[in-house]
Amino acid sequence: MSIDIAQFHQVFFEESFEGLEVMESGLLDLEVGQPDAEAINSIFRAAHSIKGGSGTFGFTAIGEFTHLLETLLDEMRNGTREVTREAVDVLLLAVDSLREMLSAARDGADFDAEAVAAVHAKLEQQLAAGSAVPVTPAVEATTASASASASASGAAGGEWTIAFAPHPNLFATGNDPVRILRELRALGDSRVQADLSGLPPYAEFDPEACYVRWTITLDGTVEESAIREVFEWVEDDADIHLERASAAGAEVPGSACNDAVDEAVAAPALTVAPPPVERRGGEDRRSGERRAGAAGGSTSSIRVDIGKVDSLINLVGELVITQSMLGQLDDPEHVDFDKLREGLAQLERNTRELQESVMRIRMLPISFSFNRFPRLVRDLSSKLGKEVELKIVGEQTELDKTVLEKIADPLVHLVRNALDHGIEQPDRRAAAGKPRHGTLTLAARHEGGNIVIEISDDGAGLDCDRLLAKARERGLVGADEHLPEDRNHELIFHPGFSTAKEISDVSGRGVGMDVVKRNIKELGGVIDIQSKFGAGSTIRIRLPLTLAILDGQLVRVGDQTYIVPLVSIIESLQVDPSRIKSVVGAAELYRLRGEYIPIVRLYKLFGIEPESSSLEDGLLVVIEGEGQRAGIFIDELLGQQQVVIKSLETNYRKVDGISGATILGDGTVAMIMDAGGLIALNRQAHKPANPSDNVKAA
Amino acid sequence: MANVLAVDDSASMRQMVSFTLKGAGYDVTEAVDGQDALDKARAGKVDVVLTDVNMPNMDGIELIRQLRGLPQYKFTPMLLLTTESGTDKKAEGKAAGATGWLVKPFNPDQLLATLAKVLG
Amino acid sequence: MDTSMNAQSIELGMTDNVGNADQYLTFLLNGEEYGVDILRVQEIKGWMPTTKIPNTPEYIRGVMNLRGAIVPIIDLRLRFNMPAIEQTATTVVIVLKVESEAGERTIGFVVDAVSEVYNVSAEHFKAAPDFGSQVHTDFIRALATVDEKMIILLDIDRLVGSDGILQAPNASH
């Protein structure tokens with residue numbers, strides 16, 4: 001039978017990437033000089049597993065590379081090698097290389113062969129420097145067996161005489177002489193002779209001991225190595241003697257019995273020499289996709305805690321009970337309203353619990369994303385010459401797997417930004433009376449139906465004056481216009497807005513923040529920044545726990561019902577006519593706490609017949625999208641509820657101002673508004689046809 | 001059909017071994033480490049033990065040592081799955097009572113051949 | 001009449017595909033009979049109110065909830081510039097699978113009434129003359145005569161694709 005082991009590859013990759021995580025965090029935590037034995041052991045075991053698996057599943061280059069790591073780690077755990085910072089650094093680099101190689105193997109892509117070879121060389125260097133014994137390739141077995149067969153083949157093909165005398169305790173290792181005899185006989189023509197002379201008197205007979213000896217004559221064409229292989233497991237538990245009759249008839253002793261010949265049972269799979277690291281060129285993927293393989297990346301499967309599955313099963317059970325209870329109420333004669341009400345309440349509870357339970361299955365702790373940061377912060381702060389302490393809070397906070405995957409890159413950018421532009425050089429900090437080392441805190445928590453992620457630093461904070469100057473330069477803000485502080489800070493989310501005097505290659509050319517904001521928005525979330533010049537900044541991201549559901553406010557315009565995402569609503573208010581300001585030929589504005597926001601007459605934009613076109617008859621829902629605010633004029637506020645987001649684009653296409661649709665309780669469809677899109681649509685509708693205005697377009 | 005206890009902390013290895021053996025008609029019990037294997041071996045008799053060496057919560061060698069102490073497993077074939085090419089693990093394994101070993105990497109056919117040998 | 005143009009008329013639903021004959025589901029619209037490839041028909045639903053999509057042409061009535069899926073509904077009368085009428089007892093929505101560049105879409109079409117299923121083989125097709133009529137000939141696959149009736153066979157993919165309703169709105173900045 002031939003089994004295609006490729007089917008196990010995915011699991012191998014998943015567990016290998018997990019193993020790399022274990023190795024990396026273990027290495028980062030390792031106390032140089034006073035290493036914790038169990039810690040080294042678990043790092044070793046992770047490397048060992050990867051090596052074993054890669055050999056089994058045919059990834060020889062990876063196996064050979066890992067073997068070097070394993071050897072280093074083995075020596076460390078034995079105490080024969082010192083754990084130095086240099087060694088840890090090399091091992092960390094090796095983990096990076098392995099990650100690349102594994103990703104390449106999994107995706108059928110290329111990796112940077114030169115970079116990997118460089119790390120390979122460093123590993124060898126470490127091995128050579130630390131111990132007197134030169135690097136041992138994983139192949140002594142082959143060479144040993146080669147020499148054994150060489151000696152045997154010297155003699156010509158006379159018949160073998162094999163004396164096999166098991167020690168009394170042979171059975172205790174689960175070995176069976178019959179099996180050995182059977183295997184010998186399978187090698188060629190043979191005769192077996194048993195010697196029962198060793199049997200003790202019946203009274204002293206121990207059924208668990210072996211007293212019988214055998215002499216086997218075997219066809220001379222059989223190689224000595226093949227015979228040795230049969231006895232391999234029992235060498236120490238038996239006396240074995242081989243003799244071969246020479247072609248001329250004289251007896252020639254074979255190689256001495258019980259030689260420690262290390263013949264690998266599975267010889268073909270071993271490589272004879274370390275294979276050249278395949279020189280496939282490929283882009284340097286180190287900066288970009290380090291963690292693509294980690295739990296996240298492009299895997300389409302998920303590991304679920306069995307407890308979550310059990311709870312789901314229980315809830316379905318309760319649902320079945322509720323259903324049968326409601327079914328019993330089906331009596332045309334008499335409707336028991338109380339029972340019906342009770343049943344419906346139960347049904348609502350079951351559905352809600354089921355929904356929460358199912359959503360939880362797709363959720364993973366944010367630690368999967370946060371885990372990369374100790375390493376990143378260590379490497380980056382080192383590179384920048386800054387001292388940074390990383391604090392992580394709430395890493396067990398769970399969120400949807402897809403959201404987790406998509407938040408990964410934005411988080412990296414924000415952390416890099418904080419390190420690059422936020423936290424100052426130690427000297428500057430000292431001069432400002434701050435401790436030399438800066439603190440970067442990553443925190444996550446649940447709030448309402450959302451997850452809140454905060455990245456705070458005690459660095460330089462945002463310089464409002466500089467931001468304002470830049471914005472004026474770009475024509476985003478009028479020369480006389482003054483922005484309140486929070487609006488000022490939001491400027492950094494504007495495209496092309498980087499005030500860093502030197503654009504460092506670390507965090508890019510200011511293309512980052514607006515992309516980050518867009519990514520967050522696509523996930524249905526919001527991002528804002530609070531900062532105090534000189535003291536530090538905190539970036540806060542709020543994301544829905546799941547992509548498919550949002551908390552919505554139902555509103556009515558005319559006879560149409562729309563959903564406004566709660567996350568976009570600032571407030572709702574009754575219109576005060578005295579605050580309305582009409583600009584001739586252009587938009588209507590409403591004065592709200594010192595700022596003027598445009599009024600969006602939704603019925604005009606969407607072509608609906610409103611209940612009233614008079615602003616004071618209705619309400620204004622103040623929304624925020626894309627950093628801008630507006631007031632949507634509606635007829636009535638209806639309830640709030642969680643809605644399942646359905647895409648319009650599946651069967652139709654994207655519609656401006658609408659982010660999707662949902663199905664309400666009565667089976668009808670309601671459109672979900674897109675705050676940013678709506679505000680843009682409104683601006684478009686009121687735009688005078690003046691080309692010079694395009695400069696201001698965001 | 002014979003019942004095999006397959007012990008390895010690596011899920012991919014366990015899967016591969018399990019799939020191979022089941023395909024050949026064996027019954028397979030999987031365990032993720034030495035302690036798990038010991039518990040399962042105590043709960044129900046197995047005919048053969050296939051175990052990795054390096055595992056958390058009791059390694060393969062200690063597992064074999066413990067199993068040999070149980071009367072029902074005195075003579076049961078127990079094989080170590082090892083990547084070590086050095087002799088010390090094998091010697092240590094034998095001293096603990098291992099029947100023999102299978103060196104990783106091995107392919108499914110080699111696994112089946114070895115098992116067939118051992119179970120007769 | 002050219003007898004060679006007669007095609008088989010088959011009972012609704014039960015028929016084997018004979019040679020290269022295609023089956024068409026026919027429906028009535030403003031007194032004329034139209035046909036669509038039966039393989040594209042997902043289902044036929046009774047008329048139900050739709051939810052309007054803002055800023056769309058009038059012939060797009062809106063969207064409907066089809067077992068949890070959001071399906072756009074096109075009023076063919078309005079699409080073909082025929083006079084609009086109130087729903088009648090026979091008004092139905094034929095839900096079709098439409099192929100576009102962007103993949104397969106499920107779209108519903110409001111028609112006056114459903115008619116029959118016919119087998120029509122390609123050799124019985126007649127090219128559509130230029131009616132100068134309400135129906136643009138681009139998406140007429142062919143004309144066929146069945147039981148002395150003339151049926152206008154539509155190419156539904158072309159119909160939906162040609163007016164660009166499935167294309168994303170242009171970025172207008």
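Reply: Let's start with what counts as a cavity: on a 1 Å grid over the protein atoms alone, a set of points where a 1.4 Å probe fits but cannot get out. By that rule there are four cavities of 30 Å³ or more. Keep in mind that this is a predicted model.

Take the second largest cavity, with a volume of about 50 Å³. Which residues line the second largest cavity? You'll find Asp37(C), Arg40(C) and Arg141(C) there, along with the run Leu154(C), Asp155(C), Ile156(C) and Asp157(C). Sort that lining by class and you get five charged residues, two nonpolar ones and no polar ones.

Helix α1 (residues 11-23) of chain B packs against helix α5 (residues 108-119) of chain B, with the axes 10 Å apart and an angle of about 60°. On the α1(B) side, the contact is made by Met16(B), Val17(B), Thr20(B) and Leu21(B), and α5(B) answers with Pro108(B), Leu111(B), Leu112(B) and Leu115(B). That contact comes out as seven nonpolar residues, one polar and no charged.

Staying in chain B, look at helix α2 (residues 34-43) and helix α3 (residues 60-68), whose axes sit 9 Å apart at an angle of about 25°. Why are α2(B) and α3(B) called roughly parallel? Angles under 35 degrees count as roughly parallel, and therefore this pair gets that label. The crossing of α2(B) and α3(B) is right-handed. Here Gly34(B), Ala37(B), Leu38(B) and Ala41(B) of α2(B) meet Leu63(B), Gln66(B) and Leu67(B) of α3(B). By class, that makes five nonpolar residues, two polar and no charged.

Last stop is chain A. Helix α9 (residues 306-327) and helix α10 (residues 337-361) of chain A have axes that come within 9 Å and cross at roughly 160°. Anything over 145 degrees counts as roughly antiparallel, so α9(A) and α10(A) are roughly antiparallel to each other. The crossing of α9(A) and α10(A) is left-handed. Their contact has 12 nonpolar residues, plus six polar and six charged.

Technical notes: Residues numbered from 1 in each chain as written. Chains lettered and ligands numbered in written order. Predicted model: local features only at pLDDT ≥ 70, side-chain atom pairs only at ≥ 80, totals over all residues. Heavy atoms only, no water. 1 Å grid on protein atoms, 1.4 Å probe; cavity = no way out; pocket = protein on both sides within 12 Å on 5 of 7 lines; lining within 4 Å. Points joined across faces, edges and corners; volume = space filled by probe spheres on them. Nonpolar A, V, L, I, M, F, W, Y, C, P; charged D, E, K, R; others polar. Axes fitted to C-alpha atoms, helices over the stretch in contact; angles between N-to-C directions. Helix = DSSP H or I, 4+ residues; strand = E, 2+ residues; numbered from the N terminus. Contact = heavy atoms within 4.5 Å. Parallel < 35°, antiparallel > 145°, perpendicular 65-115°, else oblique. Left-handed = near helix turned anticlockwise from the far one by under 90°.
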